[in-house]
Amino acid sequence: MNNRGGVASSLFEREGFRLAVIKEISTVASVAMPLGENWTVSRCRYSPEDGGGARLCIATGIHGDEMMGQLVIYAIAQRIMKEPEHLHGVVDMYPMLNPIGLDMGERLVPFSTRLDMNRAFPGVPDGTPLEAMCYSIMQDMLGADLVLDIHAGTMKKSELYQVRMHETTAERMLSGAADLCPQLIWYVPNKPAFNATLTGALNAAGTLALVLEADERRRRPYVTTPAVIEGIFCKMKAMGIWSGETIAPRRLEDIPMVRSEEELCRVSATKPGVYVPENCTGREVERGQLLGIVIDALNGEKVEEILAPAAGLVFSQRSYSAVYPGTLLARLCRKERV
Amino acid sequence: MKKDVIFTVESYFRDDMNIMGYRFGKGEKSCVVLGALRGDEVQQLYVCARLVAFLREIERDGGIMPGKSVMVVPTAIGLSMNTGSRLWAPENMDINRRFPGDAQGATTERIAAALFDKLKAYKYGVQLTSFYQPGSFVPHVRMMETGRQNPELGCEFGLPYVYVRTPRISDQTTLNYCWQMAGTQAYSLYAGKTQEIDEAAADQTLRAIIRFLNGRGVIRSDMTPGQKSAVITNEDIMTVASKSAGLLRRVKHAGAHVRRGEQLAFVINPQDGAVREVLKTPATGMLFFMQDGPFVTENSPVFQILSK
């Protein structure tokens with residue numbers, strides 16, 4: 001593919017409508033590699049011909065092992081091009097923030113000592129290629145009305161579709177988060193590591209940004225992505241960017257919420273082995289209900305029964321895989337606070 | 001010498017990983033030295049192994065001062081060292097980005113929490129560490145500017161430079177930063193290479209640690225005097241980055257004195273050998289850092305020049 005560099009514009013016009021959509025692919029940042037290849041972060045902008053309106057940025061692929069955002073961005077682009085008359089604002093899509101990681105299925109940036117791109121923001125203009133890349137991405141997104149950073153539970157986790165917000169900015173963004181129609185909203189605790197993430201750095205710089213997390217399930221992407229796609233269109237409608245048909249926004253009071261550590265229940269393995277999960281993601285469980293078992297195949301023994309420590313909604317669950325003591329197996333939104 | 005198991009990570013497919021602490025002397029927790037936190041920090045492990053051997057000998061000869069104790073933790077990531085993975089392979093995580101840790105958290109957070117719980121009890125902390133880029137440094141002591149740093153004490157290692165660096169946001173979860181915030185006088189020592197053993201740099205680092213322990217009254221051992229250290233900051237360091245990508249052919253190496261305009265390296269086309277760029281020093285000074293990988297990407301920092 002060589003349609004990532006430079007600027008390419010296309011008009012999508014439907015007969016009988018005055019407005020058209022301008023599609024513009026541009027390069028946000030690019031670094032030459034030793035053997036004739038560029039490490040390029042590209043943006044595809046969809047905007048109405050008459051300009052104006054709010055601006056939404058949708059980013060994904062910062063972790064190269066998270067593929068879910070590819071289909072989400074594709075589907076959004078398809079609908080915009082199919083219904084151009086409904087676009088009244090700017091939608092900037094960044095489908096491949098870590099393109100080489102995506103190519104290799106590698107979470108980190110696969111250069112040098114392998115670094116987590118989502119711990120390198122806000123970046124610096126004259127730093128390493130990664131730092132300069134992060135800086136350019138930040139500069140490109142600053143000033144947007146909203147930035148959505150789409151993640152996915154890696155191949156080892158399944159997740160409900162959720163909005164994650166930093167607890168320091170959560171109250172300000174709460175009502176707007178409901179427009180995304182998530183299955184859960186989570187206030188992520190204030191840890192120093194968050195400040196070096198894309199959303200953390202953008203929020204610190206005054207641009208509202210949210211993380212969308214959803215299920216990976218590579219074998220069945222059409223099962224898990226529609227909720228995210230519909231949620232984003234619903235949000236676009238609330239922002240005045242989209243006038244097409246969307247689902248109705250969810251009422252805030254209907255969305256399960258984890259607002260503090262007291263409302264969150266983490267379940268971890270205490271013994272090493274192989275985790276065999278029950279199908280609990282998205283289900284309400286009672287205290288003591290079986291979430292899965294840890295097995296020892298060599299001895300033919302069950303090492304540990306993983307029971308729900310509290311009643312609540314299972315919104316994150318580890319898949320069938322090897323585990324260590326401390327490996328996160330599930331997250332529950334408690335029915336009752338501790 | 002006492003051997004403590006600081007933390008055990010039980011494994012299913014492999015043997016359990018024990019993080020070992022080698023303790024010498026009794027009394028005040030004076031100084032702790034930590035080696036590899038990443039699976040490729042071979043030089044750091046090697047220096048610790050030699051330090052343990054040295055302390056074992058001087059303890060036998062009564063060289064640990066009464067009422068003082070010192071601990072050495074050669075590695076906290078043996079499982080990854082066995083497979084050549086820099087990070088904690090099962091989670092793809094850097095343990096040095098997980099401090100102060102969480103005893104109830106993920107495996108790397110538990111490792112960090114268990115380590116930190118032991119390490120923060122010591123008055124002085126020395127971490128042998130590596131840079132996020134592969135390369136060679138002039139051996140130096142480094143610390144972060146947290147408001148609690150003590151560069152004067154860092155001069156007691158007798159290395160030529162004590163580098164006080166302004167922390168970035170992402171540094172707040174490193175051991176050095178958290179250690180200082182918890183009240184330990186924390187120093188990071190850059191000991192030449194990372195993935196291979198550099199005997200000369202290992203000797204120099206070992207002597208620096210022994211000198212520091214002598215100076216702090218923790219041990220008594222004959223040691224040659226060190227160099228007079230200069231305290232430097234970010235403002236004294238200039239970066240030379242490549243504008244082009246390609247193979248890197250160096251003509252100057254870490255430690256060299258260079259004059260303004262002097263050639264440092266050539267970036268060449270990897271297939272036809274044509275010179276794409278000549279890297280030159282913008283100032284007279286010393287090559288403080290040199291990237292030592294075979295390739296460079298565009299805008300890669302290749303050299304750091306100390307020009308004070």
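Colleague: What makes residues of α1(B) count as buried, and which ones are they?
Modeller: Buried means under 20% relative accessible area; exposed is over 50%, and partly exposed lies in between (1.4 Å probe, protein chains only). B:Q43, B:Q44, B:Y46, B:V47, B:C48, B:L51, B:V52, B:F54, B:L55 and B:I58 are buried. This is a predicted model: local features need pLDDT of at least 70, side-chain atom pairs count only at pLDDT 80 or more, and totals for chains, interfaces and linings use all residues. Residues are numbered from 1 along each chain as its sequence is written, chains are lettered from A and ligands numbered from 1 in the order written, and side-chain values use heavy atoms, without hydrogens and water.

Colleague: What covers the buried residues of α1(B)?
Modeller: The cover includes β2 (17-25), β3 (28-36), β4 (68-75), β5 (124-129) and α6 (199-215) of chain B. Helices (H or I, at least four residues) and strands (E, at least two) are DSSP runs, numbered from the N terminus.

Colleague: How do you know what span is expected of α1(B)?
Modeller: Take 1.5 Å times one less than the number of residues. Helix α1(B), residues 42-60, has 19 residues, so 27 Å is expected. From first C-alpha to last, α1(B) reaches 27 Å, close to that value.

Colleague: Why is the pair A:E131 and B:R168 called a salt bridge?
Modeller: The rule asks for a side-chain nitrogen of Lys or Arg within 4 Å of a carboxyl oxygen of Asp or Glu. Here N to O is 2.3 Å, so the pair qualifies. Across the interface of chain B and chain A, the rule finds 1 salt bridge.

Definitions and conventions: Contact = heavy atoms within 4.5 Å.
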